[in-house]
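Please open the model in your viewer and keep the selection tool at hand.

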Amino acid sequence: MPTYNLLPFDSPEALALAAANAWVDEIAKAHSAGKNYSVALSGGRFVQTFFAITVEVARARSVSFDHVHFFWADERCVPPASPDSNYKLAQDIIFTPLNIPPANIHRLRGELDPEIAVQQAITELAQIIPPGTAGLPALDLVQLGLGEDGHIASLFPNASPEIINCPASFLAVYDSPKPPPRRISLSYAAIANARQVWVLTSGASKAEAMAESLRPDGKTPFARLLKSKPGLTIFCHLPKINT
Ligand code: 6PG
């Protein structure tokens, strides 16, 4: 039976504010301990609200992000200036407003051949976070959205065994049902190896995917992650779901 920490909210704004404060808490704790902090971001619609509120919270609480290293849970294979780029989304909403040092931004090279970009991402992540006993770097936090089909990052239903069982930290996707088809994604193993995994999801369109994922026999990509990552936290604003 997968275990998780489900935090329900009455609105997207309440969810985003709670998640933003929780994230800034973690960043402040790392700063107090004199440690760097590593996070992998996701893309999509909801994160735009979440990122914007995070900037407001960071400024209101005067919490520095200078020790935060930014990675991505996934990236679309598009140029960094593309409106579809998850990097551009974060650049516009978080990095520029908070003046994040470019050396702390480790974007996935969506403009390159996916296999080349994957190898560069694996190398760069391991340079910043030395692999642990599991042979994978342990990110402090992976932030995920949830797709209507139960996907997380760019890990979609009906993926091949090579994708599902990929032992490396990143992998290439060529058949994403969510455009664009070519993407780079953290692997299931790398996400499960993170110290914390948060899923942030809002909207009636996600209710069935969430309900299906939380069922003990759930078959979605999120259900698969839940089985390998007990104790992850779900910040959700969804109509009542029958789990
Ligand atoms: C992406 C995302 C993807 C997203 C979910 C939720 O690159 O598309 O990383 O995993 O987080 O699809 O997206 P919405 O918030 O737009 O529903």
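**The cavity and the ligand site**

Begin with helix H4 (residues 114-128), which supplies three residues, the largest share of the lining of the largest cavity; helices here are DSSP runs of H or I with at least four residues, numbered from the N terminus. This is a predicted model, in which local features need pLDDT of at least 70 and side-chain atom pairs count only at pLDDT 80 or more, while totals for chains, interfaces and linings use all residues. Residues are numbered from 1 along each chain as its sequence is written, and side-chain values use heavy atoms, with hydrogens and water left out.

Next, select Phe71, His106, Arg107, Leu108, Ala121, Glu124, Leu125 and Phe170, which line the largest cavity. On a 1 Å grid over the protein atoms alone, a cavity is a set of points where a 1.4 Å probe fits but cannot get out, and lining residues have an atom within 4 Å of a point.

Now move to the ligand, which 15 residues surround, the closest being Arg45, Asp74, Arg76, His151 and Lys206; a residue is near a molecule if one of its heavy atoms lies within 4 Å of it.

- Phenylalanine 46: a backbone N or O atom lies 3.1 Å from a ligand oxygen.
- Asparagine 86: a side-chain N or O atom is 3.0 Å from a ligand oxygen.
- Alanine 153: a polar backbone atom is 2.8 Å from a ligand oxygen.

Terms used:
A polar contact is a pair of N or O atoms within 3.5 Å; within protein, one must be able to donate a hydrogen and the other to accept it, and residues adjacent in sequence count only if both atoms are side-chain atoms. On a 1 Å grid over the protein atoms alone, a cavity is a set of points where a 1.4 Å probe fits but cannot get out, and a pocket is an open set with protein on both sides within 12 Å along at least five of seven lines; lining residues have an atom within 4 Å of a point. Helices (H or I, at least four residues) and strands (E, at least two) are DSSP runs, numbered from the N terminus.
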